Amino acid sequence: SKFQRKTISILIGVIWLYSLLWAVFPLLGWGGYGPEPYGLACSVDWAGYQHSLNGSSFIMALAILCTLIPCVVILFSYAGIAWKLHKAYQSIQINDNLPNSGAVERKVTL
């Protein structure tokens, strides 16, 4: 199935809002920002988890909701794609859905 342009635009907007939400949380008091080791930039205060429940809960939520769950979704998506390709490969080999094609065309299709 094809996605419509409107659906893709909405999904991209939701992704941007989700990332903006997580970027704003430290500004609202949950978690915090701190300097990088060389002081050239700021990022999440990774050392803050040792000092407060606020910092540790933010880092745990960030790790689970922004890293672990997206990685699991990506892995399951790729597993689904691989499964469909495997089934299509088996279907072509077993049922020989390409009766009018030669061996070279069949190999290219596989």
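From the N terminus on, the protein chain runs α-β-β-α-α. That comes to three helices and two strands. Helices (H or I, at least four residues) and strands (E, at least two) are DSSP runs, numbered from the N terminus. This is a predicted model, in which local features need pLDDT of at least 70 and side-chain atom pairs count only at pLDDT 80 or more, while totals for chains, interfaces and linings use all residues. Residues are numbered from 1 along each chain as its sequence is written, and side-chain values use heavy atoms, with hydrogens and water left out.

## The chain overall

The protein chain has 110 residues, and buried ones make up 14% of them. Buried means under 20% relative accessible area, exposed means over 50%, and partly exposed lies in between (1.4 Å probe, protein chains only). The chain exposes about 9,200 Å². Carbon and sulfur atoms supply 70% of that area. Accessible areas come from the Shrake-Rupley method with a 1.4 Å probe; for residues, only the protein chains shown count as cover.

Now take contacts, meaning heavy atoms within 4.5 Å. Among contacts with a separation of 6 or more, 28% join residues 24 or more positions apart.

## Two annotated spans

UniProt, in an unreviewed entry, places the feature "transmembrane region" at residues 7-28 and 58-81. UniProt positions are given in the numbering used here, feature names are shortened, and annotations may be inferred rather than shown by experiment.

## A nonpolar surface patch

Which helix gives the most to the nonpolar patch? Helix H2 (residues 53-95) does, with eight residues. The patch lies on the surface and consists of Tyr 18, Met 60, Ile 64, Leu 65, Leu 68, Ile 69, Val 72, Val 73 and Phe 76. Together these residues have about 840 Å² of accessible area.

Patches are made of residues with over 30% relative accessible area and no salt bridge; like charges are joined within 9 Å, and nonpolar side chains (Val, Leu, Ile, Met, Phe, Trp, Tyr) within 5 Å. A salt bridge is a side-chain nitrogen of Lys or Arg within 4 Å of a carboxyl oxygen of Asp or Glu. Val 73 is a patch member found in helix H2. Its relative accessible area is 48%, so Val 73 counts as partly exposed.

## Around Tyr 33

Tyr 33 sits in strand S1 (residues 33-35). At 38% relative accessibility, Tyr 33 is partly exposed. Leaving aside neighbours within four places in sequence, Tyr 33 is in contact with Trp 22, Ala 23, Pro 26, Leu 27, Ser 43, Val 44 and Asp 45.

Two of these partners deserve a look. Ala 23 belongs to helix H1 (residues 5-28) and is partly exposed at 34%. The side chain of Tyr 33 reaches the backbone oxygen of Ala 23 at 2.4 Å. The C-alpha atoms of Ala 23 and Tyr 33 are separated by 9.7 Å. Val 44 is 11 residues from Tyr 33 along the chain, and their C-alpha atoms are separated by 4.5 Å.

## Ser 43

Is Ser 43 buried or exposed? Ser 43 counts as buried, because its relative accessibility is 18%. This residue is found in strand S2 (residues 42-44). Not counting residues up to four places away in sequence, Ser 43 touches Gly 32, Tyr 33, Gly 34 and Glu 36.

The side chains of Ser 43 and Glu 36 are joined by a polar contact of 2.5 Å. A polar contact is a pair of N or O atoms within 3.5 Å; within protein, one must be able to donate a hydrogen and the other to accept it, and residues adjacent in sequence count only if both atoms are side-chain atoms.
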